[in-house]
Amino acid sequence: MFFSLPLRQLYYDGQVHAASSGKTFQTINPATATPLANIQVASNSDADTAIAAADRAFPSWSQTPAISRARILQKAAAILRERNDEIARIETLDSGKAFTETSTVDVETGADVLEYYANFIGSGGLKGETIQVREDVWVYTKKAPLGVCAGIGAWNYPIQIALWKSAPCLAAGNTMVYKPSEFTPLHGQILAEIYTEAGLPAGVFNVINGAGDVGAYLTSHPTISKVSFTGQVVTGQKVAGSAAGNMKYVTMELGGKSPLIVLPDADLENAVDGAMMANFYSTGQVCTNGTRVFIPRSMKTTFENRLLEKIPFMRSGPPLDEQTNFGPLSSASHHEKVLSYIRYGIETDRATLLCGGLEKPTMPQSLQAGYWVKPTVFTDCTDSMRIVKEEIFGPVMCVLSYDTVEEAVQRANATEFGLAAGVFTKDLNQAHRVIDQLQSGITWINTWGESPAEMAVGGWKKSGLGVENGRRGIEAWLQNKSTLVDMSGVGATFLPS
Ligand code: NAD
């Protein structure tokens, strides 16, 4: 069989190692449905070896001055930027995401976070605090790293997720064993090699490959102090459950079904562009997608007409082509899942199909076997429909009309998820009022999707635990030590004087 990229193995202790399992899996190019590379699966003993390498590296890395750690991470960020297009090309082949996205967002937003945390620790960001309790008594605190941490990635933003986890983890002085999604594993070794080239000591960042069983072994391993997971709510519940039993720290970045509320005074162009961004960017495979679009009843027809005029500007095609801005879905199984939701929306929920649907888009011969789908809009949706309640994770917008803003807010919050939310309006007072009432960890006003390094992001309710990025993001990779110093010369005693 033809593979366009070389075999991938495991990466630990500063170099590539063959897996001992004797098993491999394939990663598939979703645009063409052809295999890209064979990947060796880590056995439990490979995982043990990688974890042991990370454990050995921890004492020295955690004691390395922050300024020196920062220098290495800054260099890795620079290498990522130098190699941006080459890495973006591999991400496009592996995930199907258009090169117009991977070359401008995926590597760059990952490198931004690496640079952000490198600069943060390099400028004394890991400082504790001192509190004077009495004249002779002080408390000082220290932020200590946790030890060996596990990172588990989802397939939709492969290298970005790896960087959003490893950057604060390593900056804080921890070491990491990272497992990419089995659907998009190619970035793992690339990132590990870049870290090594930048001067990261052997064992500080390690990569093992495999599916959920490898992830489960890694996250329940007794040496692992913290698990940072990105994926579905159901998987997150299992991982968090097993971690909690062993008192491991966790960060959970999970799914959503986020509401986007257009207020009656919103700028129509802005609202339509925002709704398209919130549903079709990355072919709808973004965790924060605003898939429940609430529109004032009186505005519905105008909104939908403008949407229909703009949808033809989304162009499916060879993902590496610079004209393409809408790639395939990431895998055969995900394609089947998204189509089954569209089928359910048409046949069982009986929403009105405004555009898109089950028919495969017309593609050139070389792409016909790929996992393509049309941007799909359902309207006349109701809150009880399955397509409105469950995360589809594909390019499927549900338009819901409302009569009052209070009603829209109440319906927007009537979900077990709480990842993202947004509002479109020219009335900024109203915007802040509505945002304040929305039960979500990530919110936008008159825009959708931007997530800079400075912005802490994470879900409420079942959408997650903790945050990534921003000042708060690094706290998730640190533990606190408080020390009370008594300088009075009269230490505490319960004995009579
Ligand atoms: P998934 O839960 O199927 O898999 C995620 C990762 O977990 C994979 O690496 C997988 O191998 C691993 N895994 C599976 N079972 C495991 C187990 N028992 N123990 C440990 N690891 C296990 O998710 P997915 O389909 O890869 O990703 C899509 C989901 O990710 C969507 O729900 C999306 O919303 C969510 N997501 C969330 C964010 C966020 O920041 N909140 C970002 C991106 C994606």
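Me: Leaving aside its neighbours within four places in sequence, which residues is Y117 in contact with?

Reply: Y117 is in contact with L73, A167, P168, A171 and I474, once neighbours within four places in sequence are left aside. Contact here means that the C-beta atoms of two residues, placed from the backbone, lie within 7 Å. This is a predicted model, where local features need pLDDT of at least 70, side-chain atom pairs count only at pLDDT 80 or more, and totals for chains, interfaces and linings use all residues. Residues are numbered from 1 along each chain as its sequence is written.

Me: Which residues have the most contacts inside the largest nonpolar core?

Reply: L73, L114, Y117, A171, V177 and F294 have the most contacts inside that core, which has 151 residues. α4 supplies the largest share, 10 residues. The core also draws at least three residues from each of domain 1 (10–254 + 463–482) and domain 2 (259–445). A nonpolar core is a set of buried Ala, Val, Leu, Ile, Met, Phe, Trp, Tyr and Cys residues joined through C-beta atoms within 7 Å. Buried means that 20 or more other C-beta atoms lie within 10 Å of a residue's own, exposed means 12 or fewer, and partly exposed is in between, with C-beta atoms placed from the backbone. Helices (H or I, at least four residues) and strands (E, at least two) are DSSP runs, numbered from the N terminus.

Me: What separates the centres of domain 1 and domain 2?

Reply: The centres are 31 Å apart, taken over C-alpha atoms. The domain bounds come from an automatic or database domain assignment. Between the two domains, 20 residues of domain 1 are in contact with 25 residues of domain 2. On the domain 1 side, α3 and α4 are the elements that give two or more residues. That side divides into 8 nonpolar, 9 polar and 3 charged residues. In this scheme Ala, Val, Leu, Ile, Met, Phe, Trp, Tyr, Cys and Pro count as nonpolar, Asp, Glu, Lys and Arg as charged, and the others, Gly among them, as polar.

Me: New topic. Where does the ligand lie, and why?

Reply: The ligand lies between domain 1 and domain 2, because both give residues to the shell around it. Of the 30 residues around the ligand, G212, G215, G231, T235 and G255 come nearest. A residue is counted as near if its C-beta atom, placed from the backbone, lies within 6 Å of the molecule or strand. The elements that give two or more residues to the shell are α7 (212–219) and α8 (233–245).

Me: Which of those gives the most?

Reply: α7 does, with 4 residues. By class, the shell has 11 nonpolar, 14 polar and 5 charged residues.

Me: Back to α3. What should its 12 residues span?

Reply: Helix α3 (residues 84–95) should span 16 Å at 1.5 Å a residue, and its end C-alpha atoms are 16 Å apart, which agrees. The expected span is 1.5 Å times one less than the number of residues. Its buried residues are I87, A88, I90, E91, T92, L93, D94 and S95. What covers them includes β3 (24–29), β4 (34–40), α2 (66–82), α4 (99–122), α5 (158–171) and α6 (187–198). Just after the helix, G96 takes a positive phi of about 85°.

Me: And what follows α6?

Reply: G199 follows α6, with a positive phi near 110°. The buried residues of α6 are H187, G188, I190, L191, A192, I194 and Y195. They pack against β1 (10–12), α2, α3, α5, β8 (175–179) and β9 (205–207).

Me: Is S282 buried or exposed?

Reply: S282 is buried, with 24 other C-beta atoms within 10 Å. This residue lies in the loop between α9 (268–280) and β13 (292–296). Most residues other than glycine have a negative phi.

Me: Where is R350?

Reply: R350 is in the loop between α11 (332–347) and β14 (352–355). It has a positive phi of about 55° although it is not a glycine. R350 is partly exposed, with 13 other C-beta atoms within 10 Å.

Me: Last one. Which residues does S331 touch, leaving aside neighbours within four places in sequence?

Reply: S331 is in contact with I28, P30, F183 and Y371, with those neighbours left aside. S331 sits in the loop between α10 (300–310) and α11, and counts as buried with 21 C-beta neighbours inside 10 Å.
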